[in-house]
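Please follow the two chains below with the model open beside the text.

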2 protein chains.
Amino acid sequence: MLSQTVEYALRAMVCLAQAPDALTPTPALASKTKVPPNYLAKVLQVLAQAELIQGRRGVGGGYKLSRPADEISMLDVVNAIDRLSPITTCPLEIAEHGGSLCSLHRRLDEAVRMLIERFEGVSLADLISEANPSAPLCESRPTVSIRVSGSNPS
Amino acid sequence: MLSQTVEYALRAMVCLAQAPDALTPTPALASKTKVPPNYLAKVLQVLAQAELIQGRRGVGGGYKLSRPADEISMLDVVNAIDRLSPITTCPLEIAEHGGSLCSLHRRLDEAVRMLIERFEGVSLADLISEANPSAPLCESRPTVSIRVSGSNPS
């Protein structure tokens, strides 16, 4: 219902929000977000088409947010992948219903509007600044094992 | 976000709830719900596997609900197609997060739980009994044009 692709896109956007001034290469982003690289590359293309991120190819290339993190909502990201659309007229095009939804479509419409309202009110900046013991949304640095040998390196 | 397949499944279930004692053949159900017949056939198979409906093949065959409409919730139908699962542990399996979700996954989890709560509380019986000017969720009978000729048929 909240698709895997939407969740991957949100992971990527949050990681880019955490490094707003740098171009993050796709392999680094894949590693940090734990999204399969080929899958992530397609997600990033869609996000770029939606003008939420911008990329530069070649050496030193990568992606960064197109605008500040406080100007991109969760809804912007969700809509780029899988648009949340309120139901305004009968999907069966039953003429007698007119603009009045039946019980089923009214319930579905309410659910969609509730999701829109929730996601609209949360920016990427909100997500990365929230006081939370699990602050990082993605692993920001690889885990490094440090072996201390007995010999003195100096 | 609320997938087309979920919406089609709900249409079909509501139509079956409107005729609880009869076996409705797939072509009739396709016509009433305006769902492409081949697509609907696959949706019905999934609903049957989830034991929400039961079918009989052959002449006079079709589908009917497996249990009364007041014992089948919208959530049962949604879950049969595309399960709504709360997020209980970090999807990135970041060990340091433990059972504590980060800001992103907490928001997504809240949205999923809200949908679960909404859909759990509405049965098919609620949908078909709701006082609503647009009562039928699907066209329950074909539109018939009656031409009255000048001659007296009696």
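In helix α4 of chain B, which spans residues 74-81, the buried residues are Met74(B), Val77(B), Val78(B) and Ala80(B); a residue is called buried if 20 or more other C-beta atoms lie within 10 Å of its own, exposed if 12 or fewer, and partly exposed in between, with C-beta atoms placed from the backbone. Viewed down the axis of α4(B), these buried residues fall within an arc of 160°, so they line one face of the helix, the arc being that of the directions from the helix axis to the C-beta atoms. An α-helix has 3.6 residues a turn, so residues three or four places apart point the same way. Helices (H or I, at least four residues) and strands (E, at least two) are DSSP runs, numbered from the N terminus.

This is a predicted model, in which local features need pLDDT of at least 70 and side-chain atom pairs count only at pLDDT 80 or more, while totals for chains, interfaces and linings use all residues. Residues are numbered from 1 along each chain as its sequence is written, and chains are lettered from A and ligands numbered from 1 in the order in which they are written.

The cover over the buried residues of α4(B) includes α5 (103-120) of chain A, together with α1, α3 (37-49) and α5 (103-120) of chain B; two residues are in contact if their C-beta atoms, placed from the backbone, lie within 7 Å. Within chain B, α4(B) and α5(B) pack at an angle of about 130°, their axes lying 6 Å apart, where axes are lines fitted to C-alpha atoms, for helices over the stretch in contact, and angles run from 0 to 180 degrees between N-to-C directions. That angle makes α4(B) oblique to α5(B), given that angles under 35 degrees count as roughly parallel, over 145 as roughly antiparallel, 65 to 115 as roughly perpendicular and the rest as oblique. On the side of α4(B) the contact is made by Met74(B), Leu75(B) and Val78(B), and on the side of α5(B) by Ile116(B), Phe119(B) and Glu120(B).

Thr5(B) belongs to helix α1 of chain B, residues 4-18, and is partly exposed, with 15 other C-beta atoms within 10 Å. Leaving aside residues up to four places away in sequence, Thr5(B) touches Val43(B), Ile81(B) and Asp82(B).

Of the 154 residues in chain A, 32% are buried, and among its contacts between residues at least 6 apart in sequence, 66% join residues at least 24 apart.

In helix α4 of chain A (residues 74-81) the buried residues are Met74(A), Val77(A), Val78(A) and Ala80(A). They fall within an arc of 160° when seen down the axis of α4(A), so they line one face of the helix. Their cover includes α1 (4-18), α3 (37-49) and α5 of chain A, together with α5 of chain B.

In chain B, Arg56(B) stands opposite Gly62(B) in β2(B).

Most residues other than glycine have a negative phi, and most peptide bonds are trans.

Towards the end of the account comes Ile128(A), which lies in helix α6 (residues 124-129) of chain A and counts as buried with 21 C-beta neighbours inside 10 Å. Its C-alpha atom is separated by 7.5 Å from that of Ala17(A), 111 residues apart along the chain.

The largest nonpolar core has 74 residues, and those with the most contacts inside it are Ala9(A), Ala12(A), Met13(A), Ala9(B), Ala12(B) and Met13(B); such a core is a set of buried Ala, Val, Leu, Ile, Met, Phe, Trp, Tyr and Cys residues joined through C-beta atoms within 7 Å.

Technical notes. Pairing = 2+ DSSP bridges.
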